[in-house]
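Please keep the model in view while going through the numbered points.

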Amino acid sequence: MTLRVLDPTNEARTVGGQPAARPASLRGKTVGFISNGKEGTKGYFAHLERLLRTELGVANVAWCTKSNYSAPADAHIVDEIKHWHAVVAGVGD
Amino acid sequence: MQLSLKPALLAKIYEVEDFAAAQELYHSKGWTDGLPVVPPTEAAVAACLEWAGMPPDQLIGIEPVRAQPISAEKLAINAVMAGCLPMHFPVVVAAWQGMMQEEFLLHGVTASTGGCAIFVILNGPIRREIGANPTFNALGNSDRATAVIGRALRLALINLMDVRPGGIDRSTLGHPGKFSYCVAEDEEDTTWEPLSVVRGIPSGASAVTVMAAMAPRQIMNEWTREPKEILETFAAEMRANQRHYSIHGGNYAIVIAKQLRDHIEAAGWTKRDIAEFIYERARVRRSEWADVGKGAVVRDRGESVYTALAGPDHLLVVAAGGPAGGFGAVVPPWLGDKTKAVTVAIGACVDCAPGKG
């Protein structure tokens, strides 16, 4: 017997933000780091900053740390992003 | 021509040959928790909506971080898949209303590597109406109602919020409560106030409490009738959790089964007395981290004291469990106070409450 069954997914889901245009080069640019504040991020981002500056010629690196590592970035951090050419964010344990 | 007064369902329809084909469709699309599901037919879903008095497009809420709308129809589809009958559906709705309150931090709770589950506690007349069993095996497969309600929350997270392992769900380990984690309080066999009443819901109303929780840690103390000694065992388990898992205070639940409950009640202790005692006893010094291999993060704050609870009100005391055995359970929070337990009256409009803008 044929069954008619329903789609359980969120067909009304809202579309998230679109990625910004990729810069052709990071030379002379400002890169922002959004750390979730966990212990392991310090060494990771410090190493990444060295690589960005020495190998890719990044001029400035801005560090921001979320007040709650399980919640979205604070409004003042989101506001800061418009001053950057690229941003690195994500999980760090 | 006969006109139907029921509003049409909006979800996309799939036609499959039979029950087995339905299973393969849902598994192949990643729409299950790995177990077989009840095929959500139009009739079954419509019956849930009718029972709750909701049109298909009724907005149950919007998840605050990713702004995803949750409709009654989509929630009903997932509830049917979990095995819910129409009478279970209002509980699922209320639980989701609670989960979408900002203080619950649903996104963090479901995305975290910590791997918690949604612990659900039922109170009020609805427990009996739906046949929930608050006694034997209360935290396990105690009955149909709690099994399917807990499962419905997980399936809806998977399908409505993309909380799939490796997707939004980044859990390192997770725990078995992620299949279903629902308990009914044994209100008939205790002198204590129901949890929902302790948390401000009028007596006699049905309610659901949701809490982002780790796996239960079972305790045993069959060798005393003294409330302080019994509760010291619970407090010790909470201290162990602070040392081994997270030192930070948050909502803990303790489930006290009949045998231990009888001793505590006979001595005249209320839930408030229990909470105040536990608050005082469940605390550790940061230096204790050094005893369990975490000396690197003690630093110069070794003498700082961390309470498992920010205050006595943060303890959820639940009467449940079978009649014999000196057992209880500590249900720890996902991670300190980053998430708060939420209690919602079933059938109430959460966002209509005074003070909600």
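1. A crossing of two helices is called left-handed if the near helix is turned anticlockwise from the far one by less than a right angle, and right-handed if clockwise. Helices (H or I, at least four residues) and strands (E, at least two) are DSSP runs, numbered from the N terminus.

2. On the basis of the note: the model is a predicted one, in which local features need pLDDT of at least 70 and side-chain atom pairs count only at pLDDT 80 or more, while totals for chains, interfaces and linings use all residues. Residues are numbered from 1 along each chain as its sequence is written, chains are lettered from A and ligands numbered from 1 in the order in which they are written, and side-chain values use heavy atoms, with hydrogens and water left out.

3. Helix α2 (residues 42–52) of chain B and helix α3 (residues 72–82) of chain B have axes that come within 9 Å and cross at roughly 120°. That angle makes α2(B) oblique to α3(B). Axes here are lines fitted to C-alpha atoms, for helices over the stretch in contact, and angles run from 0 to 180 degrees between N-to-C directions. Angles under 35 degrees count as roughly parallel, over 145 as roughly antiparallel, 65 to 115 as roughly perpendicular and the rest as oblique.

4. Which residues of the two helices meet? From α2(B) come B:Ala44, B:Val45, B:Cys48 and B:Leu49, and from α3(B) come B:Ala72, B:Glu73, B:Ala76, B:Ile77 and B:Val80; contact means heavy atoms within 4.5 Å. By class, this contact of α2(B) with α3(B) has eight nonpolar, no polar and one charged residues. Ala, Val, Leu, Ile, Met, Phe, Trp, Tyr, Cys and Pro count as nonpolar, Asp, Glu, Lys and Arg as charged, and the others, Gly among them, as polar.

5. α3(B) also packs with helix α4 (residues 89–99) of chain B, at an angle of about 120° and with the axes 10 Å apart. α3(B) and α4(B) are therefore oblique to each other, and α3(B) passes α4(B) in a right-handed crossing. Here B:Ala72, B:Leu75, B:Ala76 and B:Ala79 of α3(B) meet B:Phe89, B:Val92, B:Val93 and B:Trp96 of α4(B). The residues of this contact divide into eight nonpolar, no polar and no charged.

6. Is α3(B) mostly covered or uncovered? It is mostly covered, with eleven of its eleven residues buried, including B:Glu73, B:Lys74 and B:Asn78. Buried means under 20% relative accessible area, exposed over 50%, partly exposed in between (1.4 Å probe, protein chains only). Just after α3(B), B:Gly83 takes a positive phi of about 105°.

7. Chain B holds an open sheet of four strands in the order β7-β12-β8-β11, with mixed pairing. Its edge strands are β7 (217–220) and β11, each of which pairs on one side only, and the twist averages 20° from one strand to the next. Two strands pair if DSSP finds at least two bridges between them. β7(B) is joined by four bridges to strand β12 (residues 327–331) of chain B, and the two run antiparallel; B:Met220 stands opposite B:Phe327 in β12(B). Strand β8 (residues 252–256) of chain B runs parallel to β11(B), with five bridges between them, and B:Ile256 stands opposite B:Ala319 in β11(B).

8. Strand β11 (residues 315–319) of chain B has five of five residues buried, so it is largely enclosed by the rest of the structure. In a regular strand the side chains alternate between the two faces of the sheet. Accordingly, B:Leu315, B:Val317 and B:Ala319 point one way from β11(B), and B:Leu316 and B:Val318 the other way.

9. In chain A, an open sheet of three strands has the order β3-β2-β4, with parallel pairing. β3 (60–65) and β4 (86–89) of chain A are its edge strands. Strand β2 (residues 30–35) of chain A is joined to β4(A) by four bridges, and A:Val31 has A:Ala86 as its bridge partner in β4(A). Helix α1 (residues 41–56) of chain A lies across β2, β3 and β4 of chain A, running at about 170° to β2(A).

10. A:Asn36 is found in the loop between β2 and α1 of chain A. This residue is buried, with a relative accessible area of 6%.
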